[in-house]
Amino acid sequence: MSFAFNFEDPNSECSVEGSLRVENAHKKDQESLSDHGSQTKRKPTVEMKEFYGEEIVKKLTLKSLEFGDCMLRIVDTSCLEQMVLNDKELQKLLDTSHVLQAVCSHSDLVSGSYEGGLKIWECAFDLTEFLSTKLQGLSLGIKDKSVLELGCGAGLPALFCLKSGAKQVHFQDYNEEVLKLLTCVNVRLSTENTDLEERCRYFAGDWSSFSDLSDREKLKYDIILTAETIYNEENYSKLHALFDAVLKENGFILLAAKSYYFGVGGSIEGFLEYVGSMGMFSSETVHTVAKGVPRYILLLKRMEKNHQEEVPASGPEDNQTDSSVTTSSNIT
Ligand SMILES: C[S@@+](CC[C@H](N)C(=O)[O-])C[C@H]1O[C@@H](n2cnc3c(N)ncnc32)[C@H](O)[C@@H]1O
């Protein structure tokens, strides 16, 4: 199964030609999974307590990125997967078997095993840039807010929030090795031993199992961020259920994604259809990048109870062409 991302952004560290090959870890046990379709495995959520950075950082190439006044010092992900393939010491430090499975099969992700978090995808840059330049224009703020980034990978958007005064920032990814090798390291590098790091927690596992943990711990967030996470339409229900489970009443969600993901089936339109059918969140397209495969940022908010089931979620208009904040009339 393959789909093309058509990366054109010079900032993108992703496979620029954009042919993203996807292996399905469930191929072999299709029968036992017949009741789950190709959904990502319901991997239990574990909290990462230990920081592996010191041993790992010295092996990595680092770089800096600026978003307005905010400087992020991060791991250069361009060779990270190759490093996992070649570095035997690293393989002893971490369980890299899932990433290796993808690299060895020349895939960008292996569904249900490694979900692509060791690269920084285009929409993560879009979302971080958006937070830095356009959020205030919508009268939305970050300061003193609790933030969760779902499917965070390198975690740039949440890291930006951490450095912009968020009181609590939680990073969540399917793969523990991504959090250890990349996310935690980015936080440590970017916070330079300040107490900011103490505001962070890291959770690995499937979205469906995060709801169990958040229920137990009564975790609720003002802001949920997520980029490039709707490529697999089989996962829409668990992502949506998690939004509902952990978003505060007056909170908001920013979801950045491409309009469609070749060969996999996920798309903005499909996701919005799902959101509309559930009748719980309103949606607004707040940013559009029209070049190549169009990319969008959606703002989702809870519908007032008496509006639920009346107002469908709606998405980008076909004729939007530039990068701008939109208040299009078809947007609820
Ligand atoms: C294409 S990567 C995008 C990473 C990052 N957000 C970015 O844009 O650079 C998709 C991310 O979503 C996470 N993900 C995918 N399916 C998931 C699931 N069912 N539960 C938890 N995380 C998932 C993966 O671990 C991966 O980091």
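Modeller: There are 23 residues around the ligand, and those that come nearest are Trp121, Gly151, Asp173, Asp206 and Ala227; a residue is near a molecule if one of its heavy atoms lies within 4 Å of it. This is a predicted model, in which local features need pLDDT of at least 70 and side-chain atom pairs count only at pLDDT 80 or more, while totals for chains, interfaces and linings use all residues. Residues are numbered from 1 along each chain as its sequence is written, and side-chain values use heavy atoms, with hydrogens and water left out.

By class, the shell around the ligand consists of 8 nonpolar, 10 polar and 5 charged residues (Ala, Val, Leu, Ile, Met, Phe, Trp, Tyr, Cys and Pro count as nonpolar, Asp, Glu, Lys and Arg as charged, and the others, Gly among them, as polar).

Asp173 has a side-chain N or O atom 2.5 Å from an oxygen atom of the ligand. Gly151 places a backbone N or O atom 2.7 Å from a ligand nitrogen atom. For Trp207, a polar backbone atom is 3.1 Å from a nitrogen atom of the ligand. The ligand taken alone exposes 580 Å², of which the protein buries 99% (accessible areas come from the Shrake-Rupley method with a 1.4 Å probe; for residues, only the protein chains shown count as cover).

Now the cysteines. The structure holds 0 disulfides, a disulfide being a pair of cysteine sulfur atoms within 2.5 Å. Cys152 is in no disulfide, and the nearest cysteine sulfur, in Cys184, is 8.9 Å away. The sulfur of Cys184 has its closest cysteine sulfur in Cys200, at 8.9 Å, which is too far for a bond. Cys152 counts as buried because its relative accessibility is 7% (buried means under 20% relative accessible area, exposed over 50%, partly exposed in between, with a 1.4 Å probe and protein chains only). Cys184 is also buried, at 3%.

Notes:
Polar contact = N/O pair within 3.5 Å; in protein donor to acceptor, adjacent residues only side chain to side chain.
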